[in-house]
Amino acid sequence: MSFQFTEEQIKRYSRHIILPEVGGKGQEKLLKSKVLVIGAGGLGSPSIYYLAAAGVGTIGIVDFDVVDYSNLQRQILHNTERVGTPKVVSAKKTVEALNPDVKVITYNTKINKDNILDIIKDYDVVLDGSDNFPTRFLVNDACYFLNKPLVSAAILRFEGQLTVFDYRDKEKTPCYRCLFPEPPPPGLVPSCQEAGLLGVVGGIMGTLQANEALKLILGIGETLVGKLLVFDALTTEFTKVKLRKDEKCPLCGKEPKIKELIEYDEGQCDIRF
């Protein structure tokens with residue numbers, strides 16, 4: 001049975017539908033897709049907003065924090081009236097006001113090794129917008145074990161970084177642990193509170209995360225698999241670095257040592273891959 005767009009949907013998604021690379025079939029893919037976003041903060045806010053605008057049919061949002069005044073400099077899903085509100089509740093309200101086509105599933109919880117596999121398993125693509133190394137390693141490993149594409153970004157001060165790990169093809173994609181086998185020692189990386197962040201950097205990198213997710217869903221263009229994109233806001237320069245699989249990687253190497261989820265202690269705020 002062919003998919004039927006409503007009149008409102010044709011108007012809403014008309015700029016997508018006229019693109020030969022997307023068209024009606026591509027928009028149908030988006031409406032039937034499911035994307036999970038870890039974190040409704042500086043990265044998650046723009047990612048979620050653009051995925052919702054694009055018509056991604058189901059968006060899962062994981063966050064256990066509440067909206068704070070200090071968030072409003074960059075976290076565009078939230079507003080002053082919602083200070084003290086759980087971020088997932090605030091995010092859901094914003095998305096539903098933007099696009100009624102989108103089903104929002106909220107997880108007002110801290111992910112851990114006991115719940116992450118169950119949360120991730122039904123989604124097509126996972127976006128990591130978390131701000132600490134233990135979560136990043138946990139999300140990466142869970143996506144690896146479940147063969148889920150992972151779009152991972154990090155921001156600090158005036159810099160942003162982005163890459164894609166497409167674990168549907170483990171032979172070609174390096175993994176997060178190819179870059180960092182394990183989290184750095186506590187105190188080595190400064191926290192976001194200590195180092196600061198230019199708010200727009202989160203907007204740029206989060207939007208790029210959404211872009212990579214849309215390409216993965218639509219099967220178009222060239223993703224950042226095997227590449228690390230680095231953005232410098234002070235010079236407005238993007239640098240692309242090639243990533244290679246590490247044959248000695250403890251997760252995806254020839255003799256893997258990690259065969260189940262590991263939950264590290266809480267670390268500092270993430271700065272880079």
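A: Buried here means under 20% relative accessible area, exposed means over 50%, and partly exposed covers what lies in between, with a 1.4 Å probe and protein chains only. This is a predicted model, in which local features need pLDDT of at least 70 and side-chain atom pairs count only at pLDDT 80 or more, while totals for chains, interfaces and linings use all residues. Residues are numbered from 1 along each chain as its sequence is written, and side-chain values use heavy atoms, with hydrogens and water left out.

As a general background, nonpolar side chains tend to be buried together in soluble globular proteins.

Around Ile-59, and leaving aside its neighbours within four places in sequence, the residues in contact (heavy atoms within 4.5 Å) include Val-35, Val-37, Ile-48, Leu-51 and Ala-52. Further contacts of Ile-59 are with Val-102, Lys-103, Val-104 and Ile-105. Gly-55 follows helix 4 and has a positive phi, near 95°.

Next comes strand 4, residues 125-128, where Val-125 and Leu-127 point one way and Val-126 and Asp-128 point the other way, with all of them buried. Strand 4 runs parallel to strand 1 (residues 34-38), to which 4 bridges join it; two strands count as paired if DSSP finds at least two bridges between them. Within that pairing, Leu-36 stands opposite Val-126. Strand 5, residues 149-156, also runs parallel to strand 4 and is joined to it by 3 bridges, and Ser-152 in strand 5 is the bridge partner of Asp-128.

Strand 4, helix 7 and strand 5 make a right-handed β-α-β unit, right-handed in the sense that, with the strands pointing away from the viewer, the path from the first strand over the helix to the second runs clockwise. Asn-140 lies in helix 7, which spans residues 133-146. Because its relative accessibility is 0%, Asn-140 counts as buried. Beyond its neighbours within four places in sequence, Asn-140 is in contact with Leu-150, Phe-165, Tyr-167, Cys-175, Tyr-176, Arg-177 and Leu-251.

Most residues other than glycine have a negative phi. Arg-157, although not a glycine, has a positive phi of about 55°; Arg-157 sits in the loop between strand 5 and strand 6 (159-166), and is partly exposed, with a relative accessible area of 44%. Thr-236, likewise a residue other than glycine, has a positive phi near 55°, lies in the loop between strand 7 (227-232) and strand 8 (237-242), and is exposed at 60% relative accessible area.

Charged pairs complete the account. The count comes to 12 salt bridges, each being a side-chain nitrogen of Lys or Arg within 4 Å of a carboxyl oxygen of Asp or Glu. Glu-8 and Arg-12 meet in one of them, at 3.6 Å from N to O; the two are separated by about one helical turn because they are 4 residues apart in helix 1 (residues 7-12). Glu-8 is partly exposed at 48% relative accessibility, and Arg-12 is partly exposed at 33%. Lys-92 and Glu-96 form a salt bridge at 3.1 Å, N to O, and both lie in helix 5 (residues 87-98), 4 residues or about one turn apart. Lys-92 is partly exposed, with a relative accessible area of 27%, as is Glu-96 at 39%. Glu-247 and Lys-254 form a salt bridge whose closest N and O atoms are 3.8 Å apart; Glu-247 is exposed at 54% and Lys-254 is exposed at 66%. Salt bridges that share partners also join Asp-118, Lys-121 and Asp-122 into one network.
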